[in-house]
Amino acid sequence: MEKFNVCIVGGGSTYTLGFLKSFVRLKEEFPIKKLVLFDIDGDRQRPIGEYGKILFKERFPELDFSYTTDPAEAYPEMDFIFMQMRAGGLPMRRKDEHIPLSMGKIGQETVGAGGMAYGLRSCVDMIEAVHQIREYSPNAWILNYSNPAAIVAEALRREFPDDQRILNICDQPENIIRSVSRLLNVDWNSLDPVYFGLNHYGWFTHIYDKKTGEDLLPLIRKTVHEKGFLPQDAEQRDKSWLDTYGFVQTMMEDFPDYIPNTYDGYYLYPEYKCSHLNPEYTRADEVIDGREKRVFAEAAEVIKEGKVGDRFHAISDAHAEMMIKVAEAIAFNTNQRFIVIVKNDGAIANLQNDAMVEVVAELGINGPRPMRVGTIPQFYYGLLAQQVSCEKLIVDAYYEHSYQKALEAFTLNRLINDAKKARELLDALVEANKGQWPELK
Ligand code: G6P
Ligand code: MN
């Protein structure tokens with residue numbers, strides 16, 4: 001059987017340990033012969049890389065594993081590149097969240113002012129990284145889940161218009177399907193969703209039972225109304241994530257047509273959300289004090305003991321499993337369905353063709369074949385058309401180094417929605433992102 005070479009860009013991420021374990025767990029389904037971790041921050045990546053050496057010696061000794069900060073070592077002869085870089089790292093995520101919140105607007109990783117700030121940084125770093133990758137591995141599949149995926153996808157579409165092997169994808173729609181399966185107490189693989197939107201801004205219009213074809217949406221609506229909504233892996237989640245999933249209930253009371261993506265809450269209730277976020281302690285702080293500490297503590301212990309042992313079984317990682325399944329679908333041309341980010345081209349009939357949208361697609365060796373959802377209702381169209389414009393303007397600001405375009409994007413964003421406030425936020429974020437944004441004039 002064919003075996004694949006894989007590189008993870010952002011090897012020092014808090015998600016990498018989950019990937020290392022998942023590559024072992026899934027080695028029959030998705031067989032790899034070489035795995036390289038790449039990161040520009042060698043100190044951060046080192047413990048994760050050393051953990052990998054110990055893990056693979058125990059459970060996957062035939063794997064050729066290494067880690068590096070040198071693109072010339074990382075990128076040649078790759079079949080799949082998993083992109084999980086965080087431009088500016090967690091310290092900048094903190095600023096993306098803290099600065100807007102301290103000014104009375106939502107600060108969040110991927111939406112609102114913080115998301116746009118992160119978007120400009122990611123345009124710079126992602127475009128550079130993909131050019132570098134293409135020098136060494138012109139045909140590798142680039143599976144991108146670096147954030148903010150909506151803005152990154154738009155930037156990569158413009159920079160690499162003929163490149164058919166860049167796929168942008170997010171795990172949140174699948175996380176919600178898994179959560180629905182917990183609610184209904186069924187296997188999540190038995191659910192067949194229909195979904196439309198932009199990344200981190202979408203809705204499930206139907207969730208069918210794969211076997212019977214029954215649309216489970218009425219049952220889901222009723223059950224959410226009675227029991228609320230929890231993530232599938234609620235026991236592993238921090239409080240803020242439980243609140244975020246719980247809020248699906250409120251959204252479905254007000255807008256009962258569809259099942260929302262959890263991120264829709266920020267767009268639909270910006271004032272309420274803002275008043276419930278703590279500007280002194282945001283999700284970034286929770287990650288820095290929680291997941292980041294846990295991951296690096298686990299790495300330190302394993303390095304000290306020289307073995308992974310039972311820690312291998314500690315937690316399963318839905319995110320890593322999904323991404324490896326994506327690679328498997330492409331590698332073996334399975335045409336399995338995933339919710340992916342693609343150029344619209346009529347998938348949402350009444351939205352512009354060159355929007356990057358998130359819909360269900362069959363995924364195989366030639367990439368995604370998206371499924372149409374038809375014309376979406378005026379309300380949803382209005383929300384999405386505004387946000388598409390906002391995302392496009394941020395990418396314009398990147399290419400044109402244009403302060404004006406950035407100001408327009410900030411003004412248009414539903415989480416800001418005021419030109420004076422937009423300018424204040426933009427000026428504060430220009431300052432905080434010196435050297436990491438293109439210089440806006
Ligand atoms: C979901 C989203 C990702 C996002 C992550 C943040 O998985 O799909 O795009 O980065 O949540 O999670 P965190 O635990 O870091 O706040
Ligand atoms: Mn996402």
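A contact here means heavy atoms within 4.5 Å. The model used in these exercises is predicted.

**Exercise 1.** State where Glu286 lies, decide whether Glu286 is buried or exposed, and list what Glu286 touches.

Solution. 
Step 1. Locate the residue: Glu286 belongs to helix α12, which covers residues 283-289.
Step 2. Apply the cut-off: buried means under 20% relative accessible area. Glu286 has a relative accessible area of 17%, so Glu286 is buried.
Step 3. Leave out residues up to four places away in sequence; Glu286 then touches Asp238, Lys239, Ser240, Tyr281 and Arg291.

**Exercise 2.** Describe the residues around ligand 1 and the polar contacts of ligand 1 with Glu109, Asn147 and Arg291.

Solution. 
Step 1. Sort the shell around ligand 1: 5 residues are nonpolar, 3 polar and 5 charged.
Step 2. Pick out the nearest of the 13 residues: Arg93, Asn147, Asp171, Arg283 and Arg291.
Step 3. Read the distances to oxygen atoms of ligand 1. For a side-chain N or O atom of Asn147 the distance is 2.7 Å, for one of Arg291 it is 2.8 Å, and for a polar side-chain atom of Glu109 it is 3.0 Å.
Step 4. Consider the cover: on its own ligand 1 has 390 Å² of accessible area, and the protein covers 90% of it.

Terms used: Residues numbered from 1 in each chain as written. Chains lettered and ligands numbered in written order. Predicted model: local features only at pLDDT ≥ 70, side-chain atom pairs only at ≥ 80, totals over all residues. Heavy atoms only, no water. Helix = DSSP H or I, 4+ residues; strand = E, 2+ residues; numbered from the N terminus. Buried < 20%, exposed > 50% of the residue type's maximum accessible area, 1.4 Å probe, protein only. Near = heavy atom within 4 Å. Polar contact = N/O pair within 3.5 Å; in protein donor to acceptor, adjacent residues only side chain to side chain. Areas by Shrake-Rupley, 256 points an atom, 1.4 Å probe, with all protein chains shown as cover. Nonpolar A, V, L, I, M, F, W, Y, C, P; charged D, E, K, R; others polar.
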